[in-house]
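Please go through the fold, the metal site and a few backbone details of the protein shown here.

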Amino acid sequence: MKKILLVVLLFAFIPSLSIAQNDKKKVISTIDSKQNQYTTIAKQLWEKPELGYLEENSSALLQKELEKEGFKIEKGVANIPTAFTATYGSGTPVIGILGEFDALPGMSQAAEPFKKARVVDAPGQACGHHLFGTGSMAAAIAVKDWLKTSGKSGTIRFYGTPAEEGGSGKVYMVRAGLFNDIDAIVSWHPGDENTSNPGTNLATISGKFRFKGSSSHAAAAPELGRSALDGVEGMNDLVNMLREHTTESTRIHYVITKGGDAPNIVPEEAEVYYVVRNANRDEVRAVWNRVVKAAEGSAMGTETTMTYEIIGGTYERLPNKALATLMHANMTLVGGVDYTREELAFAKEIQKTLGAPEPIESAKIIKPMVFTYGKASADTGDVSWNAPTAAVRTATWVPGTPPHSWQAVAAGGTGIGFKGMLVAAKTLALTAIDIYKSPKILDGVRAEFNERRGPDFKYEALLGDRKPALDYRK
Ligand SMILES: [Zn+2]
């Protein structure tokens, strides 16, 4: 009896399943039909890489395209000139799609399988954000097209999010309440494999410590000088001892950004730039406060003065397994990246420069879902605590390529990068459409979000109430 019922149910289900699949195939083919257009835009962003908060050209390009497609643009949001939102549709569910576009300093690289700057000392898209922004935009447009023809209720909002690399751009957008009405965020990031892993990463606070002493002739009147560089070095010594007495996931990094001009002048000014990370943001705050104490102690001992400025601060990511599972199913339907013969030759050359890479064929497959504990940090963390968020990675780079490498910039300027970008665009669009079709999906997503976040959660940005550090790359 049970068996018969199962068979009947199965048959009743199959036609609706295939209608759903056909609908999805249509969405996939509309994105494919605009492949050239999206490749051109991504290429333009790749050819003119812009640093955090200075992405005028990239931001304007994406805005122009979205406006042409009928999105309502709000520019300069959160007091950031290059931040914007582009909204289409009305009513609920409200789904957000994130789009980054900033590049990294000194990473210029040609689309060649060997190290060669396109423009010496210029920035480069070493984290693939030109693909990130354009692919997300392509997804938003496909969702808009679907909303238009389906007549379903729903709003799609693209977030143009500047300065991910050290600028904490999204934090200011969260702080401004721009995510308050969002039911779910579907996002992605370029990578060297296709995954939809729920997981966490590290929260972070970064800042610059500035010491001031008094200069004098280093040989003729050293007793009159008080070295600001001594202040920095004393601080670093104390922090390097502190390092031993922190919890497991703690990471502390620093660079001396100013150390004096000549050895025969006692340095009057010195500056050191710190980053503290931990899997738990409260622990980050605690360690940061101890780093500040080290700076104060050193200033006292070296008879210098010290001030500090917090530059960035981001939450650890809050995973959402329910949303990640839905993304995984859609990415499996879309499939991975197939190389042409030329791309295969390019990939083989690139792999010769990498340690022990995964086989090139792995770009084709979608990896099984696993929970991950990442060691990096991103301003998406703050978004994930304010709206349920899931992000996939797609193989826009040759397998084995790390982010922030010349190999990443190189592949990002070829068909390999553009194909990976379209895998993401399709996955995001299909996931959003699933939610509009069955808003009930959100019940599980929201329940998990509430449970992981806890009942007493109150958002407080780790960078406090400072204004966007618009000049941090100037
Ligand atoms: Zn990135």
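**Fold, zinc site and backbone**

Q: What share of the contacts in the protein with a separation of 6 or more comes from residues 24 or more positions apart?
A: A contact means heavy atoms within 4.5 Å. This is a predicted model, in which local features need pLDDT of at least 70 and side-chain atom pairs count only at pLDDT 80 or more, while totals for chains, interfaces and linings use all residues. Residues are numbered from 1 along each chain as its sequence is written, and side-chain values use heavy atoms, with hydrogens and water left out. Among contacts with a separation of 6 or more, the share from residues 24 or more positions apart is 82%.

Q: Which radius of gyration does the protein have, and why does it agree with a compact globule?
A: The radius is taken over C-alpha atoms, and the globule rule is 2.2 Å times the number of residues to the power 0.38. For 474 residues a compact globule would come near 23 Å, so the value for the protein agrees: 24 Å.

Q: Which residues coordinate the zinc ion?
A: Donors are N, O and S atoms within 2.8 Å of the metal (3.2 Å for Na, K and Ca); water is not among the atoms, so sites may look incomplete. The donors follow the spacing C-x1-H-x59-H along the chain. At 2.1 to 2.3 Å, the zinc ion is coordinated by Cys127 (SG), His129 (NE2) and His189 (NE2).

Q: Is Tyr53 buried or exposed?
A: Tyr53 lies in the loop between α2 (35-47) and α3 (56-68) and has a positive phi of about 70 degrees although it is not a glycine. Buried means under 20% relative accessible area, exposed over 50%, and partly exposed in between (1.4 Å probe, protein chains only). Because its relative accessibility is 4%, Tyr53 counts as buried.

Q: What is the relative accessible area of Glu303?
A: Glu303 is in the loop between α7 (281-302) and β10 (305-314). Glu303 is not a glycine, yet its phi is positive, about 55 degrees. The residue is exposed, with a relative accessible area of 55%.

Q: Which residues does Arg473 touch?
A: Arg473 lies in the segment after α13 (441-453), and its C-alpha atom is separated from that of Gly454 by 36 Å. Not counting residues up to four places away in sequence, Arg473 touches Leu51, Gly52, Leu54, Leu104, Pro105 and Glu165.

Terms used:
Helix = DSSP H or I, 4+ residues; strand = E, 2+ residues; numbered from the N terminus.
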